[in-house]
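Please read it with the model open beside it.

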Amino acid sequence: MTQIRALFAGLVAVFLVAAVPASAADVQPYSPEALAEAQSAGKPILVDVYAAWCPTCRAQKPIIEDLTQQSKYKNLLILRADFDKDKDVLKELNVRSQSTLIVFKGKDELVRSVGSTSPVAIEGMLDLTL
């Protein structure tokens, strides 16, 4: 009976790990150093200005997570800035609102969006980095 339980527990663990796909993109907290390093390397970057209390931000999060599961975004770096805590960052990036998404390819800002929850629009933004 103990062996059956152990086998069952092992199968459940394998199922749970397989059911949670890993993001192809790398997600890190925003820092000016991380942005500068990624820009110098010519990486595709999404700066996600997020607030935990923001319903639009909460709507954007699963869209970004779903999109970045795709292998085409394997080189994308997502830098998540906290709207309430990272006030210096907001000034540096000229951000006035939470739910702001900024896409860079290297040092070039390609596009920014405020409040978009359209998967097609967000994917279009990310595709500019490819």
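1. Helices (H or I, at least four residues) and strands (E, at least two) are here DSSP runs, numbered from the N terminus. On that basis the chain holds 5 helices and 5 strands, and its elements follow one another, from the N terminus on, as α-β-α-β-α-β-α-β-β-α.

2. This is a predicted model, in which local features need pLDDT of at least 70 and side-chain atom pairs count only at pLDDT 80 or more, while totals for chains, interfaces and linings use all residues. Residues are numbered from 1 along each chain as its sequence is written, and side-chain values use heavy atoms, with hydrogens and water left out.

3. On confidence, pLDDT being the predictor's confidence in each residue, from 0 to 100, the chain has a mean of 86, and 82% of its residues reach 70 or more.

4. For the chain as a whole, 35% of the 130 residues count as buried; buried means under 20% relative accessible area, exposed over 50%, and partly exposed in between, with a 1.4 Å probe and protein chains only. The accessible surface comes to about 7,700 Å², of which 60% belongs to carbon and sulfur atoms; these areas come from the Shrake-Rupley method with a 1.4 Å probe, and for residues only the protein chains shown count as cover. Of the contacts with a separation of 6 or more, 70% are between residues 24 or more positions apart.

5. Which residues of helix H2 are buried? In H2 (residues 32-40) they are Ala34, Leu35, Ala38 and Gln39, and because they cover an arc of only 130° around the axis, they lie on the same side of H2; the arc is that of the directions from the helix axis to the C-beta atoms. An α-helix has 3.6 residues a turn, so residues three or four places apart point the same way. The cover over the buried residues of H2 includes strand E1 (26-29), strand E2 (44-50), strand E3 (77-82) and E4, whereas Glu33, Glu37 and Ser40 are exposed on the other side of the helix. Just after H2, Gly42 takes a positive phi of about 75°.

6. The loop between helix H4 (87-92) and strand E4 (100-105) includes Gln98, and both Asn94 and Ser99 also lie between H4 and E4. Gln98 counts as buried because its relative accessibility is 17%; leaving aside neighbours within four places in sequence, its contacts are Val49, Ala51, Trp53, Cys54, Cys57, Phe83 and Val114. Asn94, at 44% relative accessibility, counts as partly exposed, and its phi is near 55°, a positive value in a residue other than glycine. Ser99 likewise has a positive phi, of about 60°, although it is not a glycine, but Ser99 is buried, with a relative accessible area of 5%.

7. E4 and strand E5 (residues 108-114) pair in the antiparallel sense over 6 bridges, two strands being paired if DSSP finds at least two bridges between them. Within this pairing, Phe104 has Glu109 of E5 as its bridge partner. The hairpin of E4 and E5 has 2 residues between the strands, and in it Gly106 takes a positive phi near 65°.

Note on methods: Contact = heavy atoms within 4.5 Å.
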